[in-house]
Amino acid sequence: MRLLLAILPLRVCQYTSSFSFRTGVTRPLVSFLYSYSDDDDNPPPIDDDWRLFRAKLVNSTSPSFLPPTSSSLFAYDAQSAIETGSIIVGAYNPDLPAQFALNQQYFHKSVILILDHDRQRFTRGIILNRNVKRKMTIFNKSWEVYFGGDVGGFAVKKSLPEIVCIHSLKYNDQVDRVSMKVNNDISWTTIDAASILIDEKHATIDNFHTFCGYAGWAKDQLQGELERDCWFSIAADSNFLVDELKETNSDERNSGIQMWSRLMNLLGKPDIVEASTNSFSDLMLKMWTQRMLFDRDNNSYENAPSDAPTTSTILKSSPINRLIAASNQRSHDDYKGSGSIVVSTSPNFLLNQQQLHKAVVLVLEDSAAVTVGVIINRVSSSHIDVELNKIKTKKPIFFGGEYQMKGREKLLWIFQKKSIYKTGEIGMPVEPLRNEFFYVNTSGALDAIERGIGTIDDFVVVNGVSVWTKGEGGEARGMAGEISSGHFAAPNKAFSKSSWEVLTKMEPLCDANVGSVVLRANEVWAKNCDKNLAPVSEDAFVYDSDKTVNQLGDDALIEWIKVFMLQVY
């Protein structure tokens, strides 16, 4: 069986520089600013960081520019200009509340320092304000390492992580030889070079601020995101960054939002800071910080079980032990493959795949290679017109998943009424040994309705399927692996009859009924959950807010529906 993937668009970025400074034009401009003559015996020194001098030029032409303070602190909007040493910060747009909230939450209100920029090839930067560190032993030294981005970051398993060491060391030839200058006060080097500098007494480990991973952009990628207002490009005083890096430990639970706020205030945008405080995206970022950094670092990932065993792990055990383990697993979770109803465990799909939050899934097939199922409590805005006795009815179509199975009709009509199958000989059972759920194509369903064997309210119409692949040999992953990981559970009771009645009578989704549709879908999920399925933590509050994790999960599902099903943004 071949499956066609429907790819959902993701976001990320890249940039371009519109500034060009040459030595030939710099001296006359600096001479003008400082008003000294060529015969002056002691002209003032020229600041190596030309961003300060450019800031003064901007200040002289822009009344809205925030002027440098006595300590030369400055920041201004560089528009679409990008260069090594630039800072880009995550923009907040109230018209796009889910931007960097449903995925890649670490980019929300991020402050990114550009380390390398080549518009025609690649751009690399590190996130400075995801302020949770891990202890890593590298070259026999204990480093405090911060999250710097998703490329080559903490999640890397099959290759070495990408580690960058930021420092402000100056006037040392050995340091300069192995460092790349970012601006007047900040340079970067590799972890191995930093280790050698420490061994040779040119630096101490405390001289380095170390980051694991980076943010990367392909040709023109960031430029496109700047034009879509995903980011602000900012030129800021390097002293600001040096001072902020010293304060990274003070804002851990708030995910580094304070650094972003201070930079926005310095830029003269306090209204954006105030309007976005504890927004939906803020809370999602806090939960990302909690889940991905705090809990995993402490080996106590709250209520998120470990991954299912890999195929290689299973194959190392003896056949009899595998048989016993499989038997114990099935008796424990009541999962019987095709024809099973499984429910997602809240709130495991808070940070990604929000369509599976409080989802009820009917498993259609569980083969050696893949598990295929349909979400049956996620109604969409689409419908099919059915005319009976000159009366037209809009039958809603449910979103079953993001895949389509090649060679099959898109719409699947699912029913439970056994007489439609037995008396009318219409459709097929999902699992012949159980005869709890049946399916048929559109023509078969309409035939049953016209013959009076069934009614339109006997059916749930589904478009698309959800897929869970398996490892080599088919002995790991799939839905069984999801259950082992604690992401799903198989209730030890039959599917609620009242739940089916709720599903068959739901109306097509629209802007006005999103809240009520999600509420009814969640009620179906709750009716088919065992009491022990919902983690205790879902009633816990998101840090420094009055929102529970459970409420935030429901909000995330609603935002997913608005973005991907209603496309209101």
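Good morning. The model is a predicted one, in which local features need pLDDT of at least 70 and side-chain atom pairs count only at pLDDT 80 or more, while totals for chains, interfaces and linings use all residues. Residues are numbered from 1 along each chain as its sequence is written, and side-chain values use heavy atoms, with hydrogens and water left out.

Helices (H or I, at least four residues) and strands (E, at least two) are DSSP runs numbered from the N terminus. Two strands pair if DSSP finds at least two bridges between them.

Strand 14, residues 341–344, is joined to strand 25 by two bridges.

What joins strand 15 to strand 16? Five bridges do, and the two strands run antiparallel. Val 363 is placed opposite Gly 373 of strand 16, and three residues lie between the two strands of this hairpin. On to strand 24: strand 16 pairs with it over four bridges, and Val 372 stands opposite Val 467.

Is strand 16 enclosed or open to the outside? Six of its six residues are buried, so the strand is largely enclosed by the rest of the structure. Buried means under 20% relative accessible area, exposed means over 50%, and partly exposed lies in between (1.4 Å probe, protein chains only). In a regular strand the side chains alternate between the two faces of the sheet. Here, Val 370, Val 372 and Val 374 point one way, and Thr 371, Gly 373 and Ile 375 the other way.

Six strands in the order 17-18-23-20-22-21 make an open sheet with mixed pairing. Its edge strands, strand 17 (379–388) and strand 21 (428–429), each pair on one side only. Five bridges join strand 20 (residues 411–415) to strand 23 (residues 459–463) in the antiparallel sense, and Leu 411 has Asn 463 as its bridge partner.

Next, a helix. Of the 10 residues in helix 7 (residues 257–266), seven are buried, among them Trp 260 and Leu 263. Just after helix 7, Gly 268 has a positive phi of about 85°.

Finally, the salt bridges: a side-chain nitrogen of Lys or Arg within 4 Å of a carboxyl oxygen of Asp or Glu. By this rule there are 12. In one of them, the closest N and O atoms of Lys 109 and Asp 282 are 3.1 Å apart. Lys 109 counts as buried at 2% relative accessibility, and Asp 282 counts as buried at 2%.

Another joins Asp 116 and Arg 124 at 3.0 Å, N to O. Asp 116 is partly exposed at 25%, whereas Arg 124 is buried at 12%. In the salt bridge of Lys 547 with Asp 555, the closest N and O atoms are 2.8 Å apart; Lys 547 is partly exposed at 23%, and Asp 555 is partly exposed at 24%. Thank you.
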